[in-house]
Every structure is written in C-alpha cells, then in structure tokens.
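Have the model open alongside as you read.

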Amino acid sequence: MYPLIRTRRLRTSASIRRLVRETIVTPDDFLVPLFVTEGKGIREEIPSMPNYFRLSLDQLEKEVKELWNMGLCSVLLFVKVDDKLKDNKGTEALNPNGLMQRAIKTVKNACPQMLVMTDVALDPFSSYGHDGIVAEGQILNDETAEVLAEMSVSHAQAGADFVAPSDMMDGRILTIREALEDEGFTNTGIMAYSAKYASAFYGPFRDALDSAPVDMANVPKDKKTYQMDYANRYEAIRETQLDIDEGADIVMVKPGLCYLDIVREIRNEVDVPVAVYQVSGEYAMVKAAAEKGWLDHDAVMLEQLTAIKRAGANIIASYFAKDFVRSLG
Ligand code: PBG
C-alpha cells in the first residue's frame, strides 16, 4: 500500500493551496518609511532607491492621503536635515518647529487616523553622522540617551503616536519612557530597534538622508560600538529582553532577510509584537536585479515579504509597501 500519505494532495490546485496557506501578507502588516525634506513641490528620487522619494511637506501630505486610500495606515518618519543645522549634539532635533515636528503635524492634519511613528536617533542631525554624541573618538551613551528622551518628548508634543529609537544606546528605552511619563505622554508608545545590527545594507538609506559617519580624525568610521555584531544571536535576545524590561511596547529586528533566524528566535522568546525592518539595501538589490531583467520584481518581493512574516514578524517596515498593495491588483 504505497504511499498512503501523499503531501502533494494539498498542492494539487490553486484553491487547495489557498485553503491551506499558513502565511498571508496584508496591507495591515506594513509600516511605511517616509523621507521628508525642506522645500516645496519636492519629490526627489533617491538614486540608490529607485522609485523612492524624498518629499517636501506639501508632497508628504499628498503621499499620506494616497497611502491611507491604499489601506496603508502607519508611517515611520525620517528627515533629511540641512548640513548647516547639524552639530554634535543634534540640537536641531529638539527644535519645536523643526522639520520632523512639522512633518508629524502635516501627517496628522492630512490624515488624523494615520499612525505616526518617528525615528529617534541623532544621525540625521549629527555633524559627525553618528547616532550619538561623539567625544574623543567615543560615542557617549548616557548623555545621548538624555537627548533622545528630549527628542521623544518633542515628537510626542508634535503629535507622534510612537517613537522609534534606532540608536542602540544602553538604557535609552527607560530614559525615554520616564521622560514621556513625566510629561504626561502615558499613551505614547515606544517601538525599540532592539536587535539592530551594524549592517552594510543601510548604505542607500544613508544616501537618502546624507547621514553616513564622516571621515574625520577622532570620529569612529562605523557604528560597531553600538549596533550589534552580525555574528551574534544570543546577544539579540538579551538586547530585546532588556528593551522590554525598560518599557518597549514593540521590539524590532533589523535588517530583515539575512536575520530571519533572529526574528524567529525572538518571536519564540517574547510576548510583545515583533517588527522587522526590511532595509534600504534589501530594497535596492531587488530593484536593481529587476531593472536588469534578472528577477521577477513582484514575485521576489512577495516571496521575501512572506518569508519575513513566516519567520514571525507581526509588523513589516518596508519600502515595498505601495508596490505590494499595487501588486494585489
Ligand atoms: C538611523 C537609522 C538607520 C536606518 C534606520 N534608522 C541607519 C543607520 O543606522 O545607519 C536604516 C534603514 C535602512 O537602511 O533602510 N539610526
């Protein structure tokens, strides 16, 4: 009686495959990163991120309305800051009328129900291109955490629903949580970039914001003293657990595709939602190969997004959000 069990039975037609499919990506899964720049009428394509743009505030307003109509209900904001406004302490980040603060208000005015998350780190504001304050060749931890807490309060005052610290300083989640509580922002959430690796996949993003570490004496050339070593796995669990203990509402693993073992591990360990950031370099690779006709763009995109969700992601931050919704037809 060979063979009684035939696993192929569950693959015989598209309908049965639909019925038994375990993982389905939907627009609800997405957090849409947006890059904001000064000016008017600006929609500049980022050279290393085809079909992704830096938007001035008027264009941001149009964009979020379009996202909302597509069923994309959450955005993650980043700003490109003029070089003249950058300094070592990221002072401009605290400007109540700074670009980020205006961007938050623009989104909330255009689309009050859109969930607004903001990136919290010093690099777009730092004259050295680091996520923290630089002193004698080091990145200062506790001093940076204090600035990040002030920055978080400023974003909350402007109307952000969640702050997303992406800096990897120790103890910053607790510092931020306490500052938000002290100022009465008890409902402002924290999505912590908990297992954020020092990755070469961030290259296009640093082009987008002109935020790469500068090449200067006594300034670290990379972010390896704060972002994690990509060889490490147990450390990711420790980082994530600490962020939860300090008050993170959502934790994140970043980048995505090369780190899906970490995503699964963390999903199995913790009880809070797990976000995954499919980063700029991952997006750029698919776009470049598709432009050359070497890969089927939509098929590869869907396979990657599904793999991220299958690994355990509850939230996917991805530059493919709109492409994905369009691909649904
Ligand atoms: C800044 C930040 C980075 C990204 C998100 N927030 C860059 C970095 O850490 O150097 C990368 C996102 C991407 O590559 O898409 N702290």
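Glutamate 66 has a relative accessibility of 34%, so this residue counts as partly exposed (buried is under 20% relative accessible area, exposed over 50%, partly exposed in between, with a 1.4 Å probe and protein chains only). The model is predicted: local features need pLDDT of at least 70, side-chain atom pairs count only at pLDDT 80 or more, and totals for chains, interfaces and linings use all residues. Residues are numbered from 1 along each chain as its sequence is written, and side-chain values use heavy atoms, leaving out hydrogens and water.

**Lysine 322 and its partners**
- Lysine 322 forms a salt bridge with glutamate 66, with 3.3 Å between the closest N and O atoms (a salt bridge is a side-chain nitrogen of Lys or Arg within 4 Å of a carboxyl oxygen of Asp or Glu).
- This pair ties together parts 256 residues apart in sequence, because lysine 322 lies in helix 11 and glutamate 66 in helix 2 (helices are DSSP runs of H or I, at least four residues, and strands are runs of E, at least two, numbered from the N terminus).
- Lysine 322 also meets glutamate 63 in a salt bridge, at 2.7 Å from N to O.
- Lysine 322 and glutamate 63 are both buried, lysine 322 at 14% relative accessibility.
- Shared partners join Arg43, Glu63, Glu66 and Lys322 into one salt-bridge network.

**Elsewhere in the structure**
- The whole structure holds 20 salt bridges.
- One of them pairs glutamate 38 with arginine 102, at 2.6 Å from N to O.
- Glutamate 38 sits in the loop between strand 1 (30-36) and strand 2 (43-46) and arginine 102 in helix 3 (residues 99-110), so the pair ties together parts 64 residues apart in sequence.
- Glutamate 38 is partly exposed at 38% relative accessible area, and arginine 102 is partly exposed at 24%.
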